[in-house]
Amino acid sequence: TVSTPSKKYYVHTGADLLSAAGEIAAPLRGAGQALIVSDANVAPLYARRVVDSLEHAGFRPTLHVVPAGEQNKNMRSLFDLLNRMAALRMIRSDTLFALGGGVVGDLGGLAASLYMRGIGLVQLPTSLLAAVDSSVGGKTAIDLETGKNLVGTFYQPDLVLYDTETLATLPKEQLANGFGEIIKTGMIRDAKLFDAARKPNLGAAEIAGIVHRCVEIKRDVVRRDEKETGLRQILNFGHTFGHAVEKCSGFSIPHGFCVAIGMMIVTAACAKRGICAPETLIQLSGALRLRGLPQTTRFEADELFAGMLADKKRASDTVTLVLPRSIGSVERRKVMLEEARAFLADGLEALS
Ligand code: NAD
Ligand code: ZN
């Protein structure tokens with residue numbers, strides 16, 4: 001159960017949940033119109049199960065497919081989606097089901113929060129990254145030319161269902177992508193989770209356990225700070241420098257890979273400063289390598305720093321860095337931009 005000041009909802013993780021989506025959602029939402037938003041990769045694989053399940057529970061479902069990829073998390077897709085909802089004459093008691101990865105979840109969530117000032121929202125994450133991170137917590141967004149996630153809302157879903165059977169078709173790179181955020185979650189809050197994430201040959205049941213734990217941790221953080229005024233910043237561990245890598249690569253490197261690099265840079269800098277032990281960096285590096293994630297980047301400190309500034313949503317001369325103390329424990333530190341640049345340069349140098 002996730003209880004935030006704005007909404008309380010359930011997150012279920014397990015096998016064959018897509019086929020139960022209608023049955024679980026109907027008592028919560030009432031079976032009205034259902035718009036299933038999905039992308040061109042996921043819809044052919046899983047939309048049928050959701051449509052059937054919703055029809056069976058009395059919903060009137062329509063499928064809306066967007067092209068796959070981050071470049072489609074934009075204003076055009078949002079407008080098309082809102083127009084579709086209007087053409088269907090959806091009303092406030094109707095529900096949008098976001099079936100896919102974080103792109104579909106962020107786009108669908110934003111549309112659900114805007115249309116008629118907010119309709120029902122059910123998140124059906126199919127990527128590991130969406131299951132452990134983006135489907136829970138209520139952040140929605142689209143990108144602008146100028147930058148990522150610049151337009152969005154805080155809008156909690158009414159329900160989240162993660163069907164672990166969707167792991168079967170998830171490309172290997174996307175599995176690693178999700179592990180970037182899982183390892184991050186272990187690093188900030190839970191050494192046991194970190195250990196679980198670096199076990200070789202994980203089966204679906206073990207991954208389900210890991211997802212469950214990640215969601216619990218995110219829930220506990222978001223409950224205490226829904227709008228990211230303080231504690232929620234720890235979820236950004238590895239993201240300050242990670243976003244810089246993402247920006248420099250023109251968003252061609254997947255998000256979880258960039259977070260991995262960002263975690264390595266900041267942890268290497270902290271090891272050098274004695275904020276964490278050198279062993280922490282070694283353990284982090286080992287876990288990332290095992291999951292097929294990168295350890296460093298070819299971009300240079302100056303380029304990355306420029307990328308970091310471009311990503312900053314507020315103009316100020318400080319930035320909050322999340323620094324590792326040991327596996328499972330971090331601290332937040334507000335530093336001047338110059339100091340952040342020193343962390344970045346030191347970390348990169350230590351990794352080269
Ligand atoms: P994505 O939605 O692009 O999915 C990655 C790829 O995997 C896509 O090609 C998709 O079609 C495919 N895919 C997804 N599930 C599949 C399955 N089961 N089988 C086969 N293919 C499948 O990207 P993502 O990594 O899931 O999410 C990244 C997005 O999430 C970014 O836009 C990021 O900003 C956002 N995000 C949001 C939050 C938040 O709190 N709202 C948190 C983290 C990330
Ligand atoms: Zn992230």
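Is glycine 105 buried or exposed? I started my notebook with that residue. Glycine 105 counts as buried, at 9% relative accessibility. I keep in mind that this is a predicted model.

**Entry: glycine 105**

I looked up where glycine 105 sits. Its place is in helix H4.

Next I turned to ligand 1. There are 26 residues around ligand 1. Asp39, Glu70, Gly102, Ser127 and Thr169 come nearest.

I looked for polar side-chain atoms beside the ligand's oxygen atoms. An N or O atom in the side chain of aspartate 39 is 2.7 Å from an oxygen atom of ligand 1. For asparagine 41, an N or O atom of the side chain is 2.9 Å from a ligand 1 oxygen atom. Lysine 148 has a polar side-chain atom 2.9 Å from an oxygen atom of ligand 1. I count each of these pairs as a polar contact because the cut-off is 3.5 Å.

How much of ligand 1 does the protein bury? Taken alone, ligand 1 exposes 860 Å². The protein buries 89% of that area.

**Entry: what makes up the shell**

I asked which elements give two or more residues to the shell around ligand 1. I found helix H2 (43-56), helix H4 (102-114), helix H5 (128-134), strand S8 (147-154) and helix H6 (172-189). Helix H4 is also the place of glycine 105.

I sorted the shell by class. Seven residues are nonpolar, 11 are polar and eight are charged.

Why does ligand 1 lie between two domains? Domain 1 (2-169) gives residues to its shell, and domain 2 (172-351) does too, so the ligand lies between them.

**Entry: cysteines**

I searched for disulfides. A disulfide is a covalent bond between the sulfur atoms of two cysteines. The count came to zero.

Cysteine 214 counts as buried, at 1% relative accessibility.

I followed up on cysteine 258. It is in no disulfide either. The nearest cysteine sulfur belongs to cysteine 248, 9.6 Å away. Cysteine 258 is buried, with a relative accessible area of 0%.

**Entry: positive phi values**

Then I looked at backbone angles. Most residues other than glycine have a negative phi. I noted two residues with a positive value.

Glutamate 228 has a phi near 55 degrees. Its place is in the loop between helix H8 (204-224) and helix H9 (239-248). Glutamate 228 is partly exposed, with a relative accessible area of 24%.

Phenylalanine 251 has a phi near 65 degrees. I found this residue in the loop between H9 and helix H10 (255-273). Phenylalanine 251 counts as partly exposed, at 33% relative accessibility.

Where is arginine 117? I found arginine 117 in the loop between H4 and strand S6 (120-125). Arginine 117 is exposed, with a relative accessible area of 75%. I checked its distance to valine 322, which is 205 residues apart from it along the chain. Their C-alpha atoms are separated by 34 Å.

At 10% relative accessibility, threonine 4 counts as buried. Threonine 4 and glycine 138 are 134 residues apart along the chain. Their C-alpha atoms are separated by 9.5 Å.

Note on methods:
Residues are numbered from 1 along each chain as its sequence is written. Chains are lettered from A and ligands numbered from 1 in the order in which they are written. This is a predicted model: local features need pLDDT of at least 70, side-chain atom pairs count only at pLDDT 80 or more; totals for chains, interfaces and linings use all residues. Side-chain values use heavy atoms; hydrogens and water are left out. A residue is near a molecule or strand if one of its heavy atoms lies within 4 Å of it. A polar contact is a pair of N or O atoms within 3.5 Å; within protein, one must be able to donate a hydrogen and the other to accept it, and residues adjacent in sequence count only if both atoms are side-chain atoms. Accessible areas come from the Shrake-Rupley method with a 1.4 Å probe; for residues, only the protein chains shown count as cover. Helices (H or I, at least four residues) and strands (E, at least two) are DSSP runs, numbered from the N terminus. Ala, Val, Leu, Ile, Met, Phe, Trp, Tyr, Cys and Pro count as nonpolar, Asp, Glu, Lys and Arg as charged, and the others, Gly among them, as polar. Domain bounds come from an automatic or database domain assignment. A disulfide is a pair of cysteine sulfur atoms within 2.5 Å. Buried means under 20% relative accessible area, exposed over 50%, partly exposed in between (1.4 Å probe, protein chains only).
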